[in-house]
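Please look over the sequence and the fold shown below before reading on.

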Amino acid sequence: EQIDQHLVHWPKNLVHRAKQRLTKITQYLIRKRKLELSGKKEVLVGIRKKRERRDARREAKALSAAKLDKAIEKELLERLKA
């Protein structure tokens, strides 16, 4: 309501964005308060999305390279037997 009062002449999308930011901050503070009250000293660790994606791509490439190597080896063994 205070945001609506102070931002009366602002565009609706900016008011909505400001409300979303406020909600996010209050939820963060509530979570932080809960953690402090529980007594656990958990440290929130961020996920490194870029690194995770890079590793996933590398794994996929390594798997495809291994499949290719296996296929080549199989083909060469078949030729050797024939």
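## Helices

Helices (H or I, at least four residues) and strands (E, at least two) are DSSP runs, numbered from the N terminus. The protein chain, which is a predicted model, holds three helices and zero strands, and along the sequence these follow the pattern α-α-α.

Just after α2, G39 takes a positive phi of about 85 degrees.

## Confidence

This is a predicted model, in which local features need pLDDT of at least 70, side-chain atom pairs count only at pLDDT 80 or more, and totals for chains, interfaces and linings use all residues. Residues are numbered from 1 along each chain as its sequence is written, while side-chain values use heavy atoms, with hydrogens and water left out.

The mean pLDDT (the predictor's confidence in each residue, from 0 to 100) of the protein chain is 89, and 96% of its residues reach 70 or more. Among the elements, helix α1 (residues 2–6) has the lowest mean pLDDT, 82, whereas helix α3 (residues 49–81) has the highest, 94.

## Overall form and burial

Taken along the principal axes, the C-alpha atoms of the protein chain fill a box of roughly 85 × 40 × 15 Å. Of the 82 residues, 2% count as buried, meaning under 20% relative accessible area with a 1.4 Å probe and protein chains only, where exposed is over 50% and partly exposed lies in between.
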